[in-house]
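Please look through the sequence and the structure below before reading on. The paragraphs that follow lead from the overall plan to single residues and the pairs they form.

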Amino acid sequence: MIDTIDQINTPGQMEGLARFLQQAGGIGKIAVVSGLAHTPRVGRYLEHYKGLFEGVEFVNLPVPMPETPHRSGIIMGELRRIATYARAGHLAERSYFSSPDREA
């Protein structure tokens, strides 16, 4: 954890991280560690807010999901959230991690 997050939501986390990076200075690369099911949504939030992170590269390091009977439900829930949040304009249609100018 590199920051205390004032808001418990993804937009608040993006804005809090941007403030932290501006104050810290000199950070050019950040590992993005998230659960595999959350990676598509996280990448879209990063793409949506990339203007806050000039000169910072994000590296995708997803953590495998544990075996659970609810695994497919978790994945489907994430897919529904992506569609809902994209329609509302809260995140990008494409993931930061799948942009053509970045490695997959």
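**A walk through the model**

Among the elements of the protein chain, the mean pLDDT is lowest in helix α1 (residues 10-24), at 86, and highest in strand β2 (residues 57-63), at 94. These values belong to a predicted model, and for the protein chain taken as a whole the mean pLDDT is 86, with 88% of the residues reaching 70 or more.

The protein chain contains three helices and two strands, and when it is read along the sequence these elements follow the pattern α-β-α-β-α. Of its 104 residues, 31% count as buried, while the accessible surface comes to about 6,900 Å², 56% of which belongs to carbon and sulfur atoms.

Helix α1 has 15 residues and reaches 21 Å from its first C-alpha to its last, which is close to the 21 Å expected at 1.5 Å a residue. Gly 12, Met 14, Gly 16, Leu 17, Ala 18 and Leu 21 are buried in this helix, and the buried residues of α1 pack against β1 (29-35), α2 (39-48) and β2. After the helix comes Gly 25, whose phi is positive, near 65°.

Helix α2 includes Thr 39, which is buried because its relative accessible area is 8%, under the 20% cut-off. Leaving aside residues up to four places away in sequence, Thr 39 touches Ser 34, Asn 60, Pro 62 and Phe 97. Met 76 has its place in helix α3 (residues 71-87) and is partly exposed, with a relative accessible area of 42%.

On the surface, Val 33, Leu 61 and Val 63 form a nonpolar patch, with about 250 Å² of accessible area together. Leu 61, which lies in strand β2, counts as partly exposed at 42% relative accessibility.

The charged side chains remain to be considered. Side chains of opposite charge can pair when their charged atoms come close. A search of the whole structure finds five salt bridges, and one of them joins the side chains of Lys 29 and Glu 57, at 3.9 Å from N to O. Lys 29 lies in strand β1 and Glu 57 in strand β2, so this pair ties together parts that are 28 residues apart in sequence. Lys 29 counts as exposed, at 56% relative accessibility, whereas Glu 57 is partly exposed, with a relative accessible area of 38%.

A further salt bridge links Glu 67 with Arg 71, whose closest N and O atoms are 2.6 Å apart. Here Glu 67 counts as exposed at 71% relative accessibility, and Arg 71 is partly exposed, with a relative accessible area of 26%.

Within helix α3, Arg 81 and Glu 78 lie three residues apart, about one turn of the helix. An α-helix has 3.6 residues a turn, so residues three or four places apart point the same way. Arg 81 and Glu 78 form a salt bridge in which the closest N and O atoms are 3.5 Å apart. Glu 78 counts as buried, at 3% relative accessibility, while Arg 81 is partly exposed, with a relative accessible area of 34%. Together with Arg 41, these two residues, Glu 78 and Arg 81, are linked in a network of salt bridges.

Notes
Residues numbered from 1 in each chain as written. Predicted model: local features only at pLDDT ≥ 70, side-chain atom pairs only at ≥ 80, totals over all residues. Heavy atoms only, no water. pLDDT = per-residue confidence, 0-100. Helix = DSSP H or I, 4+ residues; strand = E, 2+ residues; numbered from the N terminus. Patch = residues over 30% accessible without salt bridge, like charges linked within 9 Å, V, L, I, M, F, W, Y side chains within 5 Å. Areas by Shrake-Rupley, 256 points an atom, 1.4 Å probe, with all protein chains shown as cover. Salt bridge = Lys/Arg side-chain N within 4 Å of Asp/Glu carboxyl O. Buried < 20%, exposed > 50% of the residue type's maximum accessible area, 1.4 Å probe, protein only. Expected span 1.5 Å × (residues − 1). Contact = heavy atoms within 4.5 Å.
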